Amino acid sequence: MYQNLTIASGMAIGIDTVAHQTTLQEKGNTIAVLANGLKHIFPKENKELYQQIIKNGGLVITEYPLEEKAKSKNFLERNRIVSGLALGILVVEATHRSGTSVTAKLATEQGKKVFAIPHEIGDKKGVGTNRLIQNGAKIVTSVKDIMEEFPFLPYHVLPKEKEIKSQKYKKICLNKDYDKIYQLLTEKPTSLNEIYRQSNENMADINNILFMLELEGYIEKTVGGYRCILDKK
């Protein structure tokens with residue numbers, strides 16, 4: 001990348017995927033920190049991304065044994081490594097009480113700088129980022145906002161032909177397997193049995209998809225089941 005930074009993230013569906021893919025496209029360095037062993041790449045949709053990172057000289061690391069499968073507790077444990085590797089943490093989007101917000105909290109405890117991209121009021125994917133800004137995270141509107149916090153790192157001004165015009169962040173499009181489950185949900189809770197009945201998918205796959213959708217802030221688990229917390233556009 002033009003600023004010669006290494007991007008570390010968790011290779012999850014969503015922002016993590018985009019961070020790794022964009023870094024690879026720009027010929028930069030990236031590190032993926034997994035919440036499982038290397039024999040069980042999770043999520044399976046990112047197996048190709050895993051291979052691309054290795055092929056392009058990046059790193060895929062984990063503290064778990066080869067055979068360890070992904071567990072919900074592992075993701076929070078994994079986040080401390082992501083923040084520990086970094087000089088600073090940039091939060092692009094975060095729902096209320098999201099895993100990303102936990103990473104930002106860990107970064108603060110580790111003495112790392114926290115940056116956040118502001119969102120419109122009412123945007124559920126931006127509740128966490130806006131709250132971080134309220135609590136002292138630095139607002140980021142350009143790369144320079146980050147680089148100026150690290151005077152020992154040289155800032156390279158982009159040539160005019162490579163200037164990046166500010167754009168509203170586009171939401172990640174779900175792949176067809178995730179979207180099939182997501183489209184079954186509404187603002188009212190839907191039970192796991194009803195999701196299984198309507199989707200006719202394997203229960204284990206449904207649980208994995210629901211877990212990732214919840215982790216990424218698309219849905220939430222309630223007493224009556226699962227419900228959407230994002231507008232379907």
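Visitor: What does Glu 149 count as, going by its relative accessibility?

Guide: Glu 149 counts as partly exposed, at 29% relative accessibility, where buried means under 20% relative accessible area, exposed means over 50% and partly exposed lies in between, with a 1.4 Å probe and protein chains only. Please keep in mind that this is a predicted model, in which local features need pLDDT of at least 70 and side-chain atom pairs count only at pLDDT 80 or more, while totals for chains, interfaces and linings use all residues. Residues are numbered from 1 along each chain as its sequence is written, and side-chain values use heavy atoms, with hydrogens and water left out.

Side chains of opposite charge can pair when their charged atoms come close. The side chain of Glu 149 meets that of Lys 138 in a salt bridge, with 2.9 Å from N to O; the term stands for a side-chain nitrogen of Lys or Arg within 4 Å of a carboxyl oxygen of Asp or Glu. Because Lys 138 lies in strand β6 and Glu 149 in the loop between α6 (143–147) and α7 (176–182), the pair ties together parts that are eleven residues apart in sequence. Helices (H or I, at least four residues) and strands (E, at least two) are DSSP runs, numbered from the N terminus. Lys 138 is itself partly exposed, with a relative accessible area of 22%.

Strands of a sheet pair through backbone hydrogen bonds, either parallel or antiparallel. Here an open sheet of three strands has the order β4-β5-β6, with parallel pairing, and two strands are said to pair if DSSP finds at least two bridges between them. Its edge strands are β4 (88–91) and β6 (138–139), each of which pairs on one side only. Strand β5 (residues 113–116) and β6 run parallel and are joined by two bridges, and the bridge partner of Ala 116 in β6 is Ile 139. Helix α5 (residues 127–134) packs on this sheet and touches β4, β5 and β6, where contact means heavy atoms within 4.5 Å, and the direction of α5 makes about 130 degrees with that of β5; such angles run from 0 to 180 degrees between N-to-C directions, and the axes are lines fitted to C-alpha atoms, for helices over the stretch in contact.

Some aromatic rings complete the tour. The structure holds three aromatic pairs, where rings of Phe, Tyr and Trp (its six-membered ring) pair if their centres lie within 6.5 Å, and planes under 30 degrees apart count as stacked, over 60 as edge-to-face and the rest as tilted. In one of them, the rings of Phe 42 and Phe 75 have centres 6.0 Å apart and planes at 65 degrees, so this pair is edge-to-face. The rings of Phe 150 and Phe 152, with centres 6.0 Å apart and planes at 70 degrees, are therefore also an edge-to-face pair. Phe 150 is buried, with a relative accessible area of 8%, whereas Phe 152 counts as exposed at 57% relative accessibility. Ring pairs link Phe 115, Phe 150 and Phe 152 into a cluster.
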